[in-house]
Amino acid sequence: MDHAPTSFPSHRLSIVVPMYNEVDNVEPFVTAVHEALDSYPHPWELIIVNDGSRDGTQQALDKQAQLRGPHVRPIHLWRNFRQTAAMQAGIDAARGDVIVTLDGDLQNDPKDIPSLVDKLLKDDLDLVAGWRQNRQDAFILRKIPSRIANRLIRRITGLEFQDLGCSLKAYRADVLKRVRLYGEMHRFIPAWMATVTSPARMSEVPVSHHARTAGESKYGISRTLRVVLDLLAVNFFLRFAGRPGHFFGGMGLGVGLVGTLILSYLGVLKLLGESIGGRPLLWLGFFCVLGGLQFLTTGVLAELLIRIYYDRGDVAPYHTSHTAPTSDADSWHRRT
């Protein structure tokens, strides 16, 4: 893979990195980013979000910020809000025209950043995702869950990405900031972006991947179950985010119709002189009609709630401690 910087269109770059209990990787990671971007021709900043670490990561990040300068911007969350919220915190703080996300465990290679940004800007894309073709991970605990998750995601979302689990991605900031991330939705950012831009403006390129040399992995085979649960939510929001009444209303009409047919059938039997009071079918019809009405009213309430909640635009899934403000003009790294 070609890591050499090329002639970029003018822009400012924000690198967003969530970290949780990675004290041994802080200094090597910050060093690796600076070495990779030593000849980068445009201003850049490094935003590292400490997701409530308890192992000294906060102190190590503050030390690196003091040594490197104001373009290294640590953000410390009050507690462990998990990766999605930490990533959203970094995206909210980013000031660049282009945002690159990656993990802070040095398995993603910072040297791939220029090539991703180059493709994003020169091909006029909104997202360029990394594809770890030669993953250096445990086969059972990491590769198998990843393959299962990627196959499920492709089938549900229709996006033909080979490696949606790779955190190394480059985005146009104005497009990415139209999307709000909640729960554990960092795995599905391309799917969420497909709600605000065309999949044709997304691409995937091969990137390097290294074995972890310090710290402990935060992932395991159990995440496959979480992916399945998250996919249900993704499928709902992709199809019904703007019209939840159609989802609940469709179920309500279907269940209500079954109940109506059952009660109509029993009504005909009653008119013919048969006794229907002791039939279980009577209770089934009654509860189907009642359930259908409940689904319909739930759909109406969902339409109201989703508009009230998301139209506010000021809801964040994290809380951050006070961070000293910096001068925008003096807090970007520039090549000297």
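Modeller: The model is a predicted one. Under the ring-pair rule, the count is 4 aromatic pairs.

Colleague: What makes Phe 247 and Phe 248 an aromatic pair, and why is the pair called edge-to-face?

Modeller: Their ring centres are 5.0 Å apart, and the limit is within 6.5 Å, so they pair. The planes stand at 85°; angles over 60 degrees count as edge-to-face, so the label follows.

Colleague: Why is Phe 248 called buried?

Modeller: Phe 248 has 19% relative accessibility, and buried means under 20%, so the term applies. Phe 247, at 28%, counts as partly exposed.

Colleague: Why is the pair of Trp 283 and Phe 287 called stacked?

Modeller: The angle between their planes is 25°, and planes under 30 degrees apart count as stacked, so that is the name. The centres are 6.1 Å apart. Both residues belong to helix α10 (residues 280-310), where being 4 residues apart means a separation of about one helical turn. Together with Phe 286, they form one aromatic cluster.

Colleague: How do you know whether Trp 283 is buried or exposed?

Modeller: The relative accessible area of Trp 283 is 53%; exposed means over 50%, so Trp 283 is exposed. Phe 287 has 47% and counts as partly exposed.

Colleague: What makes the charged end of Arg 79 sit over the ring of Phe 81?

Modeller: The distance from the ring centre is 4.1 Å, against a limit of within 6 Å, with a further condition on the angle to the ring normal. The charged end of Arg 79 is listed as sitting over that ring.

How values were computed:
Residues are numbered from 1 along each chain as its sequence is written. This is a predicted model: local features need pLDDT of at least 70, side-chain atom pairs count only at pLDDT 80 or more; totals for chains, interfaces and linings use all residues. Side-chain values use heavy atoms; hydrogens and water are left out. Rings of Phe, Tyr and Trp (its six-membered ring) pair if their centres lie within 6.5 Å; planes under 30 degrees apart count as stacked, over 60 as edge-to-face and the rest as tilted. Buried means under 20% relative accessible area, exposed over 50%, partly exposed in between (1.4 Å probe, protein chains only). Helices (H or I, at least four residues) and strands (E, at least two) are DSSP runs, numbered from the N terminus. A charge sits over a ring if NZ of Lys or CZ of Arg is within 6 Å of the ring centre and within 35 degrees of the ring normal.
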